[in-house]
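Thank you for asking for a reading of this model. The points below go through it in order, beginning with a pair of helices.

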Amino acid sequence: MRLLLALVRKDLLVGWRGRARLVGLSTYAVTLLLLFSFALGPDSTTLHEHAPAYAWVAILSASTLLLAQSFQQEVEGGALEGLLLLPVSPTAMFYAKALANLLLLLFLALVLLPVSVVLFGLRPAGSPVALAGVLALGGAGLVAPGTLYAALTARVKAQQVLLPVLLFPLVVPPLLAAVKATSLLLEGDPMHQVGTWVGLLATFDVLYWSLCGVLFGRVVEE
Amino acid sequence: MRWVYALGALALAALGTGHAIGLLVAPPDRAMGETVRILYVHVPTAWTAMLAFTVAMVAAVGALWSGRPGWDALLEGSVEVGVVFNGLLLCQGSLWARPTWDAWWTWDPRLTTSAIMMVAFTGVLVLRRLLHPPERRAVASAVATIVSFVDVPVVYLSVKWWNTTHQGFSSVETVDPVMLAPLLTSIAGTTLLGASLLVWRTRIAMAARHREDDAPDLPPTPIPLDLEASR
């Protein structure tokens, strides 16, 4: 457990030292949000209605860049070999990496949320705690397969293409559930459907976090 | 390998019989009319695609477990056969949806999840083309196959979980015997066809792997041509 925390701390520290990149990533995501409004025109009801979907798509596309970087840094300096020499199980390494990526992704979501509230004229109705929970669960659904595939493609030259091709189909179910849950929380839930979507999201989270944790060892060991 | 030819011949015979009954003998449907005959292609294709992906999943577990190249070749063969049948499935579905639902495509859960399934496994094939040392390729594509397989049960259960336009489960009791006979024959034929394609494709993958293993290693750096010396 201490090892896991140390690994998470290391990744967050690397993220903090390279905060210029993190700022760049947030700017990229905000630009995407702006692009959605430009692409759809100034029809405020359409924008308002689909705001959670735009926010999640922005998070998704920024996350592929974030995930790809998280392993490129390790591979570039030969740091991954160093990590593998430590007495850490690859499973612990996976959970540390995924947790760190999740925290960085949530930071990104924290930047995007107020921007989308302003840009799309949202009036948050649900409780902020529930919203934070859905964000965390949704982020977890993206990050677990994302971390596995980032490791898998870290040494491939065409990683920028390959990672989204592999990742996007897998994250459709959690993403769909996250978008539905978020929009229900933001716009009120007269039919009490949030529970079903959160349940679906949690199911995929458990499935991906356990499956990817088991498989990660085989990906990094050679 | 004569048995593979036999398998193929049997597949063609079953397909021919099934479709002959389906096109000529079986009656048109009360609601859908003549278009219902796509059923005898559509259901067998869906079944074969899912079966191929299930074989791929087994091969992936085998490849990770034992590391034998045979499993990896089986994985390549079954994923490719699965993707081809999945593509056919989507085309047939579109052709059927146009007269019955008046649209080539609807964002129905079963259609959506089937499309996702195809994209996910196509990703595995792309991954295979881009990774070089065969051992690493085997591990990576096995891992990607196992994770992608999560979608297959979702496709199967989608008609049960969500309210869909697509029709739900049918069983032997709910299908009329006149329609059941051609359906089952076509399912047998398509499965055999898929199996023989899978065997051929696996053999090709195995041969390619042997060729790759036998090839001499490339020199680490290109040897510079000494132009000065030859002058």
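1. How near do the axes of helix 3 and helix 7 of chain A come, and at what angle do they cross? In this predicted model, the axes of helix 3 (residues 44–76) and helix 7 (residues 159–187) of chain A come within 9 Å and cross at roughly 145°. The crossing of these two helices of chain A is right-handed.

2. On the side of helix 3 of chain A, the residues that meet helix 7 of chain A are P52(A), A53(A), W56(A), L60(A), T64(A), L67(A) and A68(A). Their partners in helix 7 of chain A include Q159(A), Q160(A), L163(A), P164(A), L167(A) and V171(A), and also L175(A), A178(A) and L186(A). By class, the residues of this contact between helix 3 and helix 7 of chain A are 14 nonpolar and 5 polar, with no charged residue.

3. A second pair in chain A is formed by helix 6 (residues 128–152) and helix 8 (residues 194–220), whose axes come within 9 Å and cross at roughly 20°. Because angles under 35 degrees count as roughly parallel, helix 6 of chain A is roughly parallel to helix 8 of chain A. Helix 6 of chain A passes helix 8 of chain A in a left-handed crossing.

4. Helix 6 of chain A brings to this contact, among others, V134(A), L137(A), G138(A), G141(A), A144(A) and L148(A), while the residues from helix 8 of chain A include V198(A), L201(A), D205(A), Y208(A), W209(A) and F216(A). The residues of the contact of helix 6 with helix 8 of chain A divide into 19 nonpolar, 3 polar and 1 charged.

5. As for the chain as a whole, chain A has 8 helices and 0 strands, so that from the N terminus on its elements run α-α-α-α-α-α-α-α. Chain A is as compact as a globular protein of its length, because its radius of gyration of 18 Å is close to the 17 Å that the globule rule gives for 222 residues. The C-alpha trace of chain A spans about 55 × 35 × 30 Å along its principal axes, and buried residues make up 43% of the 222 residues. Of the contacts in chain A between residues at least 6 apart in sequence, 85% join residues at least 24 apart.

6. Finally, the contact between the chains takes 20 residues from chain B and 19 residues from chain A. Helix 4 (109–130) and helix 5 (134–148) of chain B each supply at least two residues of the side of chain B that touches chain A, and the largest share of that side, 9 residues, comes from helix 5 of chain B. By class, this side of chain B has 16 nonpolar, 2 polar and 2 charged residues.

Notes
Residues numbered from 1 in each chain as written. Chains lettered and ligands numbered in written order. Predicted model: local features only at pLDDT ≥ 70, side-chain atom pairs only at ≥ 80, totals over all residues. Axes fitted to C-alpha atoms, helices over the stretch in contact; angles between N-to-C directions. Helix = DSSP H or I, 4+ residues; strand = E, 2+ residues; numbered from the N terminus. Parallel < 35°, antiparallel > 145°, perpendicular 65-115°, else oblique. Left-handed = near helix turned anticlockwise from the far one by under 90°. Contact = placed C-beta atoms within 7 Å. Nonpolar A, V, L, I, M, F, W, Y, C, P; charged D, E, K, R; others polar. Rg over C-alpha atoms; globule rule 2.2 N^0.38 Å. Buried ≥ 20, exposed ≤ 12 C-beta atoms within 10 Å, placed from the backbone.
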